[in-house]
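Here are a few notes from my look through this one. Have the structure open while you read.

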Amino acid sequence: MAASAPPGKIVCVAGASGLVGANITREALARGYTVRGTLRDRTDPSKAPHLQALPGAAERLTLLDADMADPGAFNEALAGADGVFVACLIPTYFGPSGKAARDMDDEQGYAEIVAPTVEGCLNIMRSAVERDVRHLVICSSTSSTNPPQPVPRKNEVDHWSDENLQYRQKKYTSAAKTVMEKAAMAFAEEQGVRLCILLPTLMLGPALIPAHAEAGIPAMLKQMIAGGPPRHTRVPNDSTSMIHVEDVAKLFLAAYENPDASGRYFGVYDSWHWEDIYAELARLVPEAPMPEPLDEPAVAPTGFDFTRRDSLGVALRDIPTVLAETVAWLRETG
């Protein structure tokens, strides 16, 4: 059973219009929190009205403008808050000029991809410390948890990506998460604040803001429901990890509400081979053509140790349920 917030308790959601931030906002409102949600433009007609329509929003949601690139921009949103959810560190694949991250050298990749994520996160954390906010929960990514030598089952404490290897591989978008987490953890320890970092992966389920369903796997599923082809012409010999986006929000609230929680936690239900994913989709979307079958032995899916995740006490939906609810929502909404 989810905890109920004490009357008037305030939390801030930085990046309230993002996929994760919107769901955290809804979950926090459902638990009785007063929420201050930040956007770069709180008047954006494609985002703000959907947040303002959430149950409880009329009484307990305030939207404010804030850009993490500006030091002090979050001071107003954080004044009097008990905790902050940093959900605005979205992956950056292109620089300001439109140049793809993969085409940059290390100097440009760091300056335009890595540094804005790191400094943006630290700007929010500095404002939190100045406003005496002692509970911080950051949304990062499993891209920071891939050690150079793969392991059968990775965990959040021991297994880190090597940012120098990520630089050499031109994976500046992933390196941004690795470097940001290390900087955030060092800052939190220095300032004596409690920090939790959630590491999600592919997130599916109903979208609170329509734009969230217009790209990636939701867009592929929408195309398949209409009878179109899937993303792949042949089943990839690879796996992907996933979770229901509403369960991700519950993990964030659970980490915030547990005073003993700190450090990194996977935001993953499990990993499935694409062979199994397409087999499930064939059952859910029989009208869609499927990719050509795998013609080689399937590799093992990514293995996880979920001990820390499970310590947060959140019951998670399994992958068949995640896929079924996503497909059902797309059918219903078009």
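Predicted model: local features only at pLDDT ≥ 70, side-chain atom pairs only at ≥ 80, totals over all residues.

1. Buried, here, means under 20% relative accessible area.

2. While we're on cysteines: how many disulfides does a search of the whole structure find? The search comes back with 0. A disulfide would need two cysteine sulfur atoms within 2.5 Å. For C12, the closest cysteine sulfur belongs to C88 and sits 8.8 Å away, so that is too far for a bond. C121 is in no disulfide either: its nearest cysteine sulfur, again that of C88, is 7.9 Å away. C121 is also buried, at 1% relative accessibility.

3. Now the sheet. It is open, has 7 strands, and runs β3-β2-β1-β4-β5-β6-β9 with parallel pairing. β3 (61-65) and β9 (263-267) are the edge strands; each has a single partner, so one side of each lacks a neighbour in the sheet. On average, neighbouring strands are turned by 20° against each other, direction ignored.

4. Helix α1 (residues 19-30) lies across β1, β2, β3, β4 (83-86) and β5 (135-139), and runs at about 165° to β1. Helix α9 (residues 245-257) lies across β1, β4, β5, β6 (194-200) and β9, and its angle to β6 is about 165°.

5. On to the aromatics, where the count is 7 pairs. One of them is W274 with Y278, a tilted pair with 5.4 Å centre to centre and 35° between the planes. Why do these two sit about one helical turn apart? Because they are 4 residues apart in helix α10 (residues 274-284). Both partners are buried: W274 has a relative accessible area of 9%, and Y278 comes in at 3%.

6. Elsewhere, Y33, F85 and Y256 form one aromatic cluster.

7. Last, have a look at two arginines placed over rings. R264 lies over the face of W160, at 3.5 Å from the ring centre. R308 has its charged end over the ring of Y265, 4.2 Å from the centre.

Definitions and conventions:
Residues numbered from 1 in each chain as written. Heavy atoms only, no water. Phe/Tyr/Trp six-rings, centres within 6.5 Å; stacked < 30°, edge-to-face > 60°. Buried < 20%, exposed > 50% of the residue type's maximum accessible area, 1.4 Å probe, protein only. Lys NZ or Arg CZ within 6 Å of the ring centre and 35° of its normal. Pairing = 2+ DSSP bridges. Axes fitted to C-alpha atoms, helices over the stretch in contact; angles between N-to-C directions. Contact = heavy atoms within 4.5 Å.
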